[in-house]
Amino acid sequence: MSGLVDLRSDTVTRPTPAMRQAMFDAPLGDDVFGDDPTVRALEARVADLLGKDAALFVPSGTMANQIALRAHGRAGDTVMAGRDAHIWRHETGALAALAGLQTLLLPTPMFTAADIRAHYTPDGSYNTPTTILAVENTHNMAGGLPWDPAALADVAATAKSLGMITHLDGARLWNAAVATNVSERQLAANFDSVSVCLSKGLGAPVGSVVAGSHDFIRRCHRFRKMYGGGMRQSGLLAAAGLYALDHHRTRLADDHAHAKLLAESLAGAKGLTVPPVATNIVMIDLSHLSADAAVAAARSAGVLLTPAGPHRIRAVTHLDVTREAVQRAANVLAALAA
Ligand SMILES: Cc1ncc(COP(=O)(O)O)c(C=O)c1O
């Protein structure tokens with residue numbers, strides 16, 4: 001949508017000319033037969049970046065999370081996660097519908113070792129065991145907040161000490177790494193599995209990767225096929241992911257700076273407040289207007305946003321938004337909230 005400032009999500013980016021060229025040039029094969037060299041290269045690259053044995057390229061972040069949790073859990077087990085976790089709120093009930101897993105949400109998006117212990121149930125003939133801990137970093141509905149690396153390591157270690165399996169929903173782990181200055185490998189260290197997205201801040205058109213041990217990835221492979229995610233000449237898409245890893249990771253700092261600029265430009269505006277911003281997501285709380293009314297009014301003024309609650313709207317910065325566009329959006333938002 002040219003002329004519009006599209007802040008609905010970091011998924012709205014278009015592949016750059018150089019990324020398209022990398023896709024065009026990629027050597028291809030049939031990935032269901034394990035023949036696509038570009039997919040193999042992407043999987044090896046991501047496994048190495050995350051410090052895991054192996055990885056698997058899948059169509060979406062939802063599929064990455066769902067097959068990971070399916071591969072870890074037994075039907076009837078409980079997955080423990082923070083409030084508003086994407087695996088529960090935004091994955092269409094797939095954990096229950098497809099894996100037979102129940103979800104136990106902790107009272108807050110970010111939580112502590114004490115919260116895990118307080119809500120943990122061991123295995124037993126009368127119990128529903130909490131066998132898996134899933135952690136989201138950055139946390140989407142908490143406004144893109146990254147976990148403090150020490151707190152993240154602590155909750156993962158606590159879960160492991162209770163015998164739980166740990167999964168990291170790292171759809172935006174790249175943003176967390178840039179924001180905390182701690183590598184993706186370190187952030188993923190205490191987790192049995194990790195999912196990462198290439199089609200969000202990194203700007204690839206399609207694709208996510210799930211990583212873990214050889215045995216875990218072998219099981220994920222089967223579930224990817226079961227869930228309809230076996231792809232053929234998908235090296236075309238993997239090439240975009242490889243290009244994004246090489247060229248778009250460090251520039252996420254620009255998106256974070258643009259998000260801060262938006263928040264700072266709105267500070268003091270009437271009729272709204274902005275919770276702390278740490279990465280590329282800005283939540284805006286409106287005192288009077290409903291989120292739907294604000295989104296509609298912003299659209300008429302050329303700014304696209306999403307509702308994130310009855311009086312909360314969300315703006316996300318990305319590869320295709322400039323500093324000038326962010327300033328334009330701030331002016332529109334300040335005017336309509338007042
Ligand atoms: C934290 C988190 N996990 C998973 C996903 C799912 O990704 P996809 O839209 O590719 O299924 C998202 C999407 O926004 C997300 O924010």
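Mentor: Helices here are DSSP runs of H or I with at least four residues, strands are E runs of at least two, and both are numbered from the N terminus. This is a predicted model: local features need pLDDT of at least 70, side-chain atom pairs count only at pLDDT 80 or more, and totals for chains, interfaces and linings use all residues. Residues are numbered from 1 along each chain as its sequence is written.

Trainee: Which residues are around the ligand?

Mentor: A residue is near if its C-beta atom, placed from the backbone, lies within 6 Å. Among those around the ligand are Gly61, Thr62, Asn65, His86 and Asp169. The shell divides into 2 nonpolar, 8 polar and 2 charged residues. Ala, Val, Leu, Ile, Met, Phe, Trp, Tyr, Cys and Pro count as nonpolar, Asp, Glu, Lys and Arg as charged, and the others, Gly among them, as polar.

Trainee: Why is strand S10 largely enclosed?

Mentor: A residue is buried if 20 or more other C-beta atoms, placed from the backbone, lie within 10 Å of its own. In S10 (residues 281-286), 5 of the 6 residues are buried, so the rest of the structure largely encloses this strand.

Trainee: Which strand pairs with S10 over 5 bridges?

Mentor: Two strands pair if DSSP finds at least two bridges between them. Strand S13 (residues 312-316) pairs with S10 over 5 bridges, in the antiparallel sense. There, Ile284 stands opposite Ile313 in S13. Strand S9 (residues 272-273) also pairs with S10 in the antiparallel sense, over 2 bridges.

Technical notes. Buried ≥ 20, exposed ≤ 12 C-beta atoms within 10 Å, placed from the backbone.
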